[in-house]
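Okay, thanks for coming, everyone. Let me put the structure up, and then I'll walk you through a few spots in it.

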Amino acid sequence: MTMSAVWYLRRLSRMGPREVGGRAGDAVRRRRWRSARPGCPSVTGARFTAVLPAGTIAAVPSDAAKRLVADADRLMEGHAEYFGVSRDDLADPDWWYDPKTGRRAPFGYAFDVPYRDEDAVGDIKQIWELSRHQYLTVLAGAYAITGDERYAERVAEHLRSWWAANPPLRGVHWISGIELGIRLLSWVWVRRLLDGWPGVTELFEDNPVALNQIWHHQRWLAAFPSRGSSANNHVIAEAAGQLAGACAFGWFPSSARWRADALRSLERHLRGNTFASGLNRELASEYHGLVLELGLAAVAEADAADVPVPPSIRLVLLRMTDALAAIVDSRLRPPRQGDADDGHGLIVDGAGTDRWASLLATGDAVFGRRDWWPDVTGTDVRTPLLAALVKPTELSVTRPASRPAHFPDAGLTILRGPEGIWCRCDGGPHGFLSIAAHAHADALSVEVRHDGVDVLADPGTFCYHGQPEWRQYFRSTLGHNTLQVDGADQSVSGGPFLWTRHARSRVLVADTADTSDGGTARWCAEHDGYQRTVHRRRVELTAATQELKVIDEVRGPRRAVRLAFHLGPAIVADLVGNWAVLTWTREGEDRFAVLDLPGQLRWQAHRGESDPPLGWYSAGFGRKEPATTLIGTGFADGTEGFTTVLRFRG
């Protein structure tokens, strides 16, 4: 039996009967579509009416506009970077080329392309990212701001090139619904931002090729929604893109049906993907941002088209915004929990714009900020654009009166202390749905920052396909600040996006009382990921002494253990015995801390090791850099715990 067959059997075991039936129907439809390819219905009198209100572009802050135009100029010169790989070919890109491996995806019927096979296709993320056309929204935004037709003409050249190279159902760009959904949303914004350019109707409304592409994108999305155990952020992107297209490009006989179906799907799956507390159920912080961006963009499209939006959609987005405001650190950075692939719903900003500050600014403009929200000082382009389209709406909801610190349904707790001390404690579910695709084996892990600097860091994600040993490391138990038993992960992996057994965690104590008077915040949780053994962890943050204490207990028979603490890339560590002095610099000021590690364990520092991987930090998808990891090795016999104390000084 091949590994592929083993994976398919494991994947099938995580599906319910309804999902199996739906996927069987999808398979039949794919076979039928191979030979039956209808053309786009005839369209006459198409008009684009979802334009920005007068004065919207003038309201864009000048510094945000300058960042956008600077990025657009780099794109005009052919330069961009995706996932750590620099590209200089964007003046005339090859849409199927992967610059990382040098491979080019094969042509043919879309559903025959083995996109998970990097040897045959290349790095699929590299190939797909450019064709989300989010760089075209940047170029179109530069036209809207400057009126310089060079940007519009480049957008038109690239769209015509893409449409010619990627006819419906041919090739790698017709495989994944999330790609079609985000691309469709990008096209809506390209059309909107190019409004006023003399060639825009010839490019879109009066262009049979464009109409054919738009129609086939929406037909595809209507036919192949993400189902069952795969109905995570992908289905949100599909619904948001479909809704945007059916609202802004509502020129087809099926547009009304597509619009209604997309709105129902968005309402259902936004609720399904979000805890009542407002946190995303995938427990992957970047996907919280992606889903929030997609949801806000979808509401903007519906409002622009005067399509009524169910109040439940706005309520979920409001709760997500408040939750984001609650969990960010002193520099507006959220946790680095779970998978992250640098995915965005809508890009109309240049480099240097803070994504999370931008989301909070948009939330303020759409819903209004609470008094406890952190201050947002940066500027962006996206906020005034979305705010101009979203209709003010009164929502009947009670919002938090003070900053939440414990989210029981998500099992996430934030402990805060002076000097921007921020500690995330993880006692929640392993992940979302039966496969928990974007989860890591990180039960009871902690993440600690000092004024926004990663001290005890979550190492990140780095990759998805093509490098299995690195994928395994970054999502493993040893790859997080927690305790590993007998060399195994707490949860059992069945593939790069599949977990076949999930560790169950529960929070026992979450005392997050205000520590401004020098008091102590406490957290305690345990999980059952190891048979016959329970790992329990207590964390105490004492503000008066700027001291964080972590106590690990292993209840059960004698077991071999490894306790890991991953330091951020800015941290220099001097380890002597079980005592580590940590130093770093923040805005020209030297800082340091002392890490007093359990003496019962034998401690060793690791940095930048590859066989096996250990001692790495991934700041973004496709990028990694050496960082120090401290590993304590020994045995637990259930008679005493392991106590670690982190003391901040200076």
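So, His465 sits in the loop between β7 (453-456) and α17 (468-474). Helices here are DSSP runs of H or I with at least four residues, strands are E runs of at least two, and both are numbered from the N terminus. Quick housekeeping: this is a predicted model, so local features need pLDDT of at least 70, side-chain atom pairs count only at pLDDT 80 or more, and totals for chains, interfaces and linings use all residues. Residues are numbered from 1 along each chain as its sequence is written, and side-chain values use heavy atoms, with hydrogens and water left out.

Back to His465: is it buried or exposed? With a relative accessible area of 18%, His465 is buried. For that word the cut-off is under 20% relative accessible area, while exposed is over 50% and partly exposed is in between, using a 1.4 Å probe and protein chains only. And what does His465 touch? Not counting residues up to four places away in sequence, His465 touches Arg116, Glu118, Ile124 and Phe497, where contact means heavy atoms within 4.5 Å.

Another loop residue is Ala439, found between β5 (421-426) and β6 (446-450). Ala439 has 2% relative accessibility, so it counts as buried. Leaving aside neighbours within four places in sequence, Ala439 is in contact with His430, Gly431, Arg475 and Trp499. If you look from Ala439 to His535, 96 residues apart along the chain, their C-alpha atoms are separated by 19 Å.

Now some helix packing. Two packed helices are described by the angle between their axes and the distance between the axes. Take α10 (residues 208-223) and α11 (residues 233-248): their axes come within 10 Å and cross at roughly 140°. That makes α10 oblique to α11. The axes are lines fitted to C-alpha atoms, for helices over the stretch in contact, with angles from 0 to 180 degrees between N-to-C directions. Under 35 degrees is roughly parallel, over 145 roughly antiparallel, 65 to 115 roughly perpendicular, and the rest oblique. Who meets whom there? From α10 we have Gln218, Leu221 and Ala222, and they meet Glu238, Gln242, Gly245 and Ala246 in α11.

On to the aromatics. How many aromatic pairs does the structure hold? There are 25 of them. One is Trp96 with Phe107: the ring centres are 4.8 Å apart and the planes are at 15°, so this pair is stacked. Rings of Phe, Tyr and Trp (its six-membered ring) pair if their centres lie within 6.5 Å, and planes under 30 degrees apart are stacked, over 60 edge-to-face, and the rest tilted. Trp96 and Phe107 both lie in the loop between β2 (85-87) and α4 (118-121), so the pair ties together parts that are 11 residues apart in sequence. Trp96 counts as buried, at 4% relative accessibility.

Last stop, the backbone. Most residues other than glycine have a negative phi, and most peptide bonds are trans. Phe83, in the loop between β1 (80-82) and β2, has a positive phi near 55°. Leu283 also has a positive phi, near 55°, and is found in the loop between α12 (255-272) and α13 (285-304). Phe83 is buried at 9% relative accessibility, and Leu283 is buried with a relative accessible area of 7%. Finally, the peptide bond from Asp611 to Pro612 is cis, with omega near 0°, and Pro612 is in the loop between β20 (609-610) and β21 (613-614).
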